[in-house]
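Please look over the structure below, and then work through the questions that come after it.

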Amino acid sequence: MATGSPAQGERSLEQGERSLEQRMRAIEDRLEIYNLIASHPPSADTGDDRYAETVYTADGVFDRGPNLSGATGNKAIAASLKSEGHQAAIAGGLAHFTGLPHVALDGDKAVVTSYLQILTPRKSGEAVEVPNHGASRGYHIHRVVANRWELIRTPTGWKIKRRTLRLIDGTEPARDILRGALAGQH
Amino acid sequence: MATGSPAQGERSLEQGERSLEQRMRAIEDRLEIYNLIASHPPSADTGDDRYAETVYTADGVFDRGPNLSGATGNKAIAASLKSEGHQAAIAGGLAHFTGLPHVALDGDKAVVTSYLQILTPRKSGEAVEVPNHGASRGYHIHRVVANRWELIRTPTGWKIKRRTLRLIDGTEPARDILRGALAGQH
Amino acid sequence: MATGSPAQGERSLEQGERSLEQRMRAIEDRLEIYNLIASHPPSADTGDDRYAETVYTADGVFDRGPNLSGATGNKAIAASLKSEGHQAAIAGGLAHFTGLPHVALDGDKAVVTSYLQILTPRKSGEAVEVPNHGASRGYHIHRVVANRWELIRTPTGWKIKRRTLRLIDGTEPARDILRGALAGQH
């Protein structure tokens with residue numbers, strides 16, 4: 001159940017046993033988790049360190065893989081948003097773009113698997129005109145990454161215990177993350 | 001509460017006091033709002049003026065910022081989809097692409113914050129072949145915009161009172177919109 | 001009701017008559033369907049044939065239009081993920097990226113309308129440096145497609161009876177799919 005399709009599994013196996021309150025709570029959890037995932041791009045693209053400090057656990061881990069810096073602990077993760085590099089990326093028009101995430105709820109834990117694009121406006125090249133939509137040199141998709149979010153329920157809401165990103169470039173680590181969304185669904 | 005994370009705040013502060021009916025209704029509102037946001041790209045990319053007239057309030061505002069035309073009133077917003085410019089964009093293969101939105105519900109009002117890409121097929125350049133997926137010159141990401149949707153509940157469903165778009169290009173207005181998703185979540 | 005906005009229609013027309021259990025079930029269906037749609041990119045990008053076999057009906061249809069191969073039957077659809085071509089695409093860094101889908105639930109059936117991007121890392125061109133985010137030649141958006149998913153409820157969960165994709169390139173077939181999300185919402 002930990003990483004499978006909760007709604008389906010819960011319905012077929014447990015519906016008779018689950019109380020209305022338990023079902024309502026699972027639904028509210030799911031919607032709260034969607035908002036948590038949807039809050040990440042705004043926090044990254046505005047460099048909101050106070051939000052990051054709130055949403056990661058004290059021992060939370062932010063792992064971008066071997067080629068980019070990560071951080072451990074909500075305070076360090078928050079501080080990284082204020083780094084010179086991240087602030088320069090924001091000034092250049094950084095945009096995180098998240099698709100529909102897969103959410104596997106398991107009581108007081110959840111695993112979310114999502115795809116993320118990191119975009120910036122192109123600084124060179126020819127502008128293209130689109131009728132009724134102005135002219136633009138367009139955007140560069142800098143990275144497309146598979147994300148695994150390990151969440152836990154706390155008295156002040158769902159929080160991030162570990163977030164792991166791996167670049168989708170044909171190598172195995174990104175596929176490992178993506179397989180997590182399908183585990184138990186066969 | 002107006003712009004914070006409703007599920008989380010509601011649970012910790014008010015769960016004991018909220019009736020099952022109120023909780024059900026908040027969930028159904030949320031799902032209705034997701035479908036409203038998901039209906040926007042199809043309406044823009046097919047130029048469905050009747051749908052736009054239905055989904056904006058009579059005094060609804062569509063604000064694309066200082067460099068692109070906007071409109072006020074559901075009839076004027078609907079009419080803009082039939083403009084020569086917009087129809088030409090559709091004929092060229094216009095695609096609006098929306099990510100996972102953040103939804104903050106507050107009774108009969110809601111604020112949605114979302115990212116949107118506006119894409120068109122490239123008209124020049126070299127085609128790339130991807131095995132099992134044909135050849136393509138690819139797509140141009142013309143704009144990446146932060147969207148703020150101010151919604152109200154009406155007897156005929158949730159409607160758009162104001163939609164504000166700002167280009168993510170490193171300037172402040174887009175970040176102002178994105179901060180709206182995080183307000184009250186610190 | 002078949003393709004309209006269920007939550008809105010259900011509330012205005014039927015709320016008084018629908019039992020709490022019926023409403024809960026519609027909500028759980030909706031969330032299960034979101035996870036089904038969110039599972040597609042991981043299955044396509046890892047080539048998980050067992051998952052595909054589980055999630056399509058025995059007579060399921062996968063239709064990519066006149067220019068790309070399709071398949072009929074869950075076993076044939078699953079087998080296509082193991083084809084030499086698809087495996088080569090995965091080795092090159094294939095990424096399916098799905099936006100927020102529109103879901104129209106109608107009892108034991110549902111129609112989902114979604115946008116999908118198919119991305120691959122660029123194999124040539126200049127690398128761009130983004131502060132705090134490394135260097136990258138960026139990604140090529142190979143295809144942007146309108147998707148129609150015809151789903152049915154089965155004793156083992158929601159399954160795909162037909163999935164139809166059409167390229168958004170200014171021609172009519174993609175717009176036909178997109179209009180399906182708006183039918184009944186005027």
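This is a predicted model: local features need pLDDT of at least 70, side-chain atom pairs count only at pLDDT 80 or more; totals for chains, interfaces and linings use all residues.

Residues are numbered from 1 along each chain as its sequence is written, chains are lettered from A and ligands numbered from 1 in the order in which they are written, and side-chain values use heavy atoms, with hydrogens and water left out.

Q: What area is buried between chain B and chain C?
A: The size of an interface is often given as the accessible area lost when the parts come together. Buried area is counted here with a 1.4 Å probe and summed over both parts. Carbon and sulfur atoms give 61% of the area between chain B and chain C, and the whole is about 4,300 Å².

Q: Which helix of chain B gives the most to the side that touches chain C?
A: Contact, meaning heavy atoms within 4.5 Å, involves 57 residues from chain B and 53 residues from chain C. Helices are DSSP runs of H or I with at least four residues, strands are runs of E with at least two, and both are numbered from the N terminus. With 19 residues, the element of chain B that gives the most to this side is helix α2 (residues 20-46).

Q: Which residue of chain C meets B:Glu21 in a salt bridge?
A: A salt bridge is a side-chain nitrogen of Lys or Arg within 4 Å of a carboxyl oxygen of Asp or Glu. Between chain B and chain C there are two salt bridges. In one of them, with N to O at 2.9 Å, the side chain of B:Glu21 meets that of C:Arg23.

Q: How many residues does the largest nonpolar core have?
A: A nonpolar core is a set of buried Ala, Val, Leu, Ile, Met, Phe, Trp, Tyr and Cys residues joined through side-chain atoms within 4.5 Å. Among the residues with the most contacts inside the largest core is A:Ile33, which is in contact with residues including A:Val103, A:Leu151 and A:Trp158. The number of residues in this largest core is 85.

Q: Is C:Asn35 buried or exposed?
A: Buried means under 20% relative accessible area, exposed means over 50%, and partly exposed lies in between (1.4 Å probe, protein chains only). C:Asn35 is found in helix α2 of chain C, and a polar atom of its side chain lies 2.7 Å from the backbone oxygen of A:Val103. Because its relative accessibility is 2%, C:Asn35 counts as buried.

Q: How many residues apart in sequence are the parts that C:Arg153 and C:Asp29 tie together?
A: The side chains of C:Arg153 and C:Asp29 meet in a salt bridge, 2.8 Å from N to O, and both residues are buried. C:Arg153 lies in strand β8 (residues 139-154) and C:Asp29 in helix α2 of chain C, so the separation of the parts they tie together, in residues, is 124.

Q: Which residue forms a salt bridge with C:Glu172?
A: C:Glu172 is partly exposed because its relative accessibility is 36%. With the closest N and O atoms 2.9 Å apart, the partner is C:Arg175.

Conventions
Buried area is the accessible area (1.4 Å probe) that two parts lose on being put together, summed over both. A polar contact is a pair of N or O atoms within 3.5 Å; within protein, one must be able to donate a hydrogen and the other to accept it, and residues adjacent in sequence count only if both atoms are side-chain atoms. Lists of a residue's contacts leave out its neighbours within four places in sequence.
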